[in-house]
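Take a look at the model below. The text after it goes from the whole chain to single pairs of residues.

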Amino acid sequence: YVMPFINQSHRISNTDSVLEIGCGEAGNLKPFLALGCKCVGVDISENRIENGKRFYQNAKNSENLTLLVSDIYDLKNVGTFDIIIIRDVIEHIHNQEIFIKKIADFMNEKTIVFVAFPPWQNPFGGHQQNCDSKLLSHLPYFHILPKGWYKKILTWGGEDEAKVDSLLEIKDTRISIERFKRIISEDFDVKSFTYYIINPNYEVKFGLKPWKSYVLKYLPYFRNYFTTCIYCTFSKK
């Protein structure tokens, strides 16, 4: 779903260079690498980068892949890229306004940036599906409660301290569709924007076919509660 979406704004070819920020094990780079693109993946988790290097050790075009352990703010001497991918990452980032401006350092005049994220207010925007409690992992919207109540419910549900802290951090870094649009509007031009009632990720996780909405774009604020994912591409103004 990602490559066809990017193709609406930029025809992907094997001459493209691709950067993924917050790449984890770099699974999103696999189809670009298979095409022959030069790919760079960056993540702050050393374990995930090491796993990625192991997974790609014998992959096709593996010589075109560079995986780096780095904070994006410390990344230097990598040049600019034709495509930048930020998938399911921005909702975990503090100071998103600063983060989005930093992306411009890796852009040239034709760069297309692809962003995907779940708006905070959607049924599982707090990532509570990751709870160990079967009840809490299936309980929608309770992450929207005030922070103190949310923490108490997580604790009563048996979540350990590390899991509670992780979920509370996501509450701190939450982002809505409207806020995201405001952040990018200052320095960038939006090329494509799609609202999903059913996230494309859910096809692999739950066997559900993605469901786009052509109505939610007309319903500011309300749409955050029913959009499980947005896809967006933008470029420099």
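What follows starts with the overall fold, then turns to strands, salt bridges and a surface patch.

This is a predicted model, in which local features need pLDDT of at least 70, side-chain atom pairs count only at pLDDT 80 or more, and totals for chains, interfaces and linings use all residues. Residues are numbered from 1 along each chain as its sequence is written, and side-chain values use heavy atoms, with hydrogens and water left out.

Start with the whole chain. Along its principal axes the C-alpha trace spans about 50 × 40 × 35 Å.

How much of the chain is buried? Buried residues make up 49% of the 237. Buried means under 20% relative accessible area, exposed means over 50%, and partly exposed lies in between (1.4 Å probe, protein chains only). The accessible surface comes to about 12,200 Å², and carbon and sulfur atoms hold 54% of that surface. Such areas come from the Shrake-Rupley method with a 1.4 Å probe; for residues, only the protein chains shown count as cover.

Now find strand E4, residues 81-87. Seven of its seven residues are buried. E4 runs parallel to E1, joined by three bridges. Leucine 19 has isoleucine 84 in E4 as its bridge partner. Six bridges join E4 to strand E5 (residues 107-117), and these two also run parallel. Here isoleucine 83 stands opposite isoleucine 112 in E5. Strands pair if DSSP finds at least two bridges between them.

Next come the charged pairs. Side chains of opposite charge can pair when their charged atoms come close. A salt bridge is a side-chain nitrogen of Lys or Arg within 4 Å of a carboxyl oxygen of Asp or Glu. By this rule there are eleven salt bridges.

One of them joins glutamate 25 and arginine 48, with the closest N and O atoms 2.9 Å apart. Glutamate 25 lies in the loop between strand E1 (17-21) and helix H2 (30-35), and arginine 48 lies in helix H3 (residues 46-55), so the pair ties together parts that are 23 residues apart in sequence.

Arginine 179 and glutamate 97 meet in another, at 3.2 Å from N to O. Arginine 179 is in helix H8 (residues 177-185) and glutamate 97 in helix H4 (residues 96-103), so this link spans parts 82 residues apart in sequence.

Lysine 101 meets glutamate 186 at 3.5 Å, N to O. Lysine 101 sits in H4 and glutamate 186 in the loop between H8 and strand E6 (188-198), so the pair ties together parts 85 residues apart in sequence. Salt bridges that share partners join Lys101, Glu186 and Asp187 into one network.

Finish on the surface. Ile144, Val215, Tyr218, Leu219, Phe222, Tyr225 and Phe226 form a nonpolar patch there, with about 670 Å² of accessible area together. Patches are made of residues with over 30% relative accessible area and no salt bridge: like charges are joined within 9 Å, nonpolar side chains (Val, Leu, Ile, Met, Phe, Trp, Tyr) within 5 Å. Valine 215 lies in the loop between strand E7 (211-213) and strand E8 (229-236). At 52% relative accessibility, valine 215 counts as exposed.

Notes
Helices (H or I, at least four residues) and strands (E, at least two) are DSSP runs, numbered from the N terminus.
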